[in-house]
Amino acid sequence: ESNRLEPVTTPIHMHRHYAVTALFLLPLLVWHGWRVDWWPAPSFLPPPDTWANAGMLDNILVYIYGQWYRLATALTLHVGLTHVCGNLAFGSLFLSLLARLTGIGRALGLTRAGGIIGNGLTVLFRPKLVTSMGFSTALFACVGALAGFMAMHHSQRRKAVLPIAA
């Protein structure tokens, strides 16, 4: 027998089919392919070279001209193939882990909302010109939600930093 105390954890319901969450990221690759003209885009879409200017996060255009939609549209645009593939790889991993704990809908909602809020905070707190695009802000929100969920369900709060450390 050991006198060592075992950590107490709250039982966590694991959701099934969590790996399907990664499929929700595939439209980012399709969208990027249309945007950079890898394959023909549907005729109702504008030409590929207009997408970055129309949707990237630009804190001046958001804050001064009220183009708040850019907080969301910037999440769908990527600089290049490496950028989109990196976001897909890490997004598949972290979204699947979060979906396993919270369910697919909550994981996608938390990630998307966190990305939009993160972009909004960037606009509010960065006084100089900031332009950005990509799903990375949403991925950081996903990792934060994962860490928060773990902190709520583990008595050892140090375990909550594991996703952040990874």
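**Exercise 1. Which residues is F135 in contact with, leaving aside its neighbours within four places in sequence?**

Solution. Step 1: apply the contact criterion, which is heavy atoms within 4.5 Å. With neighbours within four places left aside, the partners of F135 are L25, L28, L75, H78, N87 and T111.
Step 1: F135 sits in the loop between β2 (131-132) and α7; helices (H or I, at least four residues) and strands (E, at least two) are DSSP runs, numbered from the N terminus.
Step 2: classify its exposure. Buried means under 20% relative accessible area, exposed over 50%, and partly exposed in between (1.4 Å probe, protein chains only). F135 counts as buried because its relative accessibility is 12%.
Step 3: F135 and L88 are 47 residues apart in sequence, and their C-alpha atoms are 8.7 Å apart in space.

The model is predicted: local features need pLDDT of at least 70, side-chain atom pairs count only at pLDDT 80 or more, and totals for chains, interfaces and linings use all residues. Residues are numbered from 1 along each chain as its sequence is written, and side-chain values use heavy atoms, with hydrogens and water left out.

**Exercise 2. Which members of the largest nonpolar core touch the most other members?**

Solution. Step 1: state the term. A nonpolar core is a set of buried Ala, Val, Leu, Ile, Met, Phe, Trp, Tyr and Cys residues joined through side-chain atoms within 4.5 Å.
Step 1: read off the members. The largest core has 20 residues, and L25, L28, L95, F135 and L146 touch the most other members.
Step 2: assign elements. Two or more residues of this core come from each of α5 (81-102), α6 (104-125) and α7 (136-153).
Step 3: look for another core. A second, separate one has six residues, including W51, M56, L77 and M133.

**Exercise 3. Which residues lie nearest the centre of the largest pocket?**

Solution. Step 1: state the term. On a 1 Å grid over the protein atoms alone, a pocket is an open set of points where a 1.4 Å probe fits, with protein on both sides within 12 Å along at least five of seven lines; lining residues have an atom within 4 Å of a point.
Step 1: name the residues. The lining has 13 residues, and F24, L25, L108, R112 and F135 lie nearest the centre.
Step 2: find the sources. α1 (26-35) and α6 each give at least two lining residues, and α6 has the largest share, four residues.

**Exercise 4. Is N119 buried or exposed?**

Solution. Step 1: locate N119, which is in helix α6.
Step 1: compare with the cut-offs. N119 has 2% relative accessibility, so N119 counts as buried.
Step 2: list contacts. Not counting residues up to four places away in sequence, N119 touches L57, L71, A74, L75 and T137.
Step 3: contrast with R100 in helix α5. R100 counts as partly exposed because its relative accessibility is 34%.

**Exercise 5. How many helices and strands are in the protein chain?**

Solution. Step 1: count the elements: eight helices and two strands.
Step 1: From the N terminus, the run is α-α-β-α-α-α-α-β-α-α.
Step 2: Of the 166 residues in the protein chain, 36% are buried.
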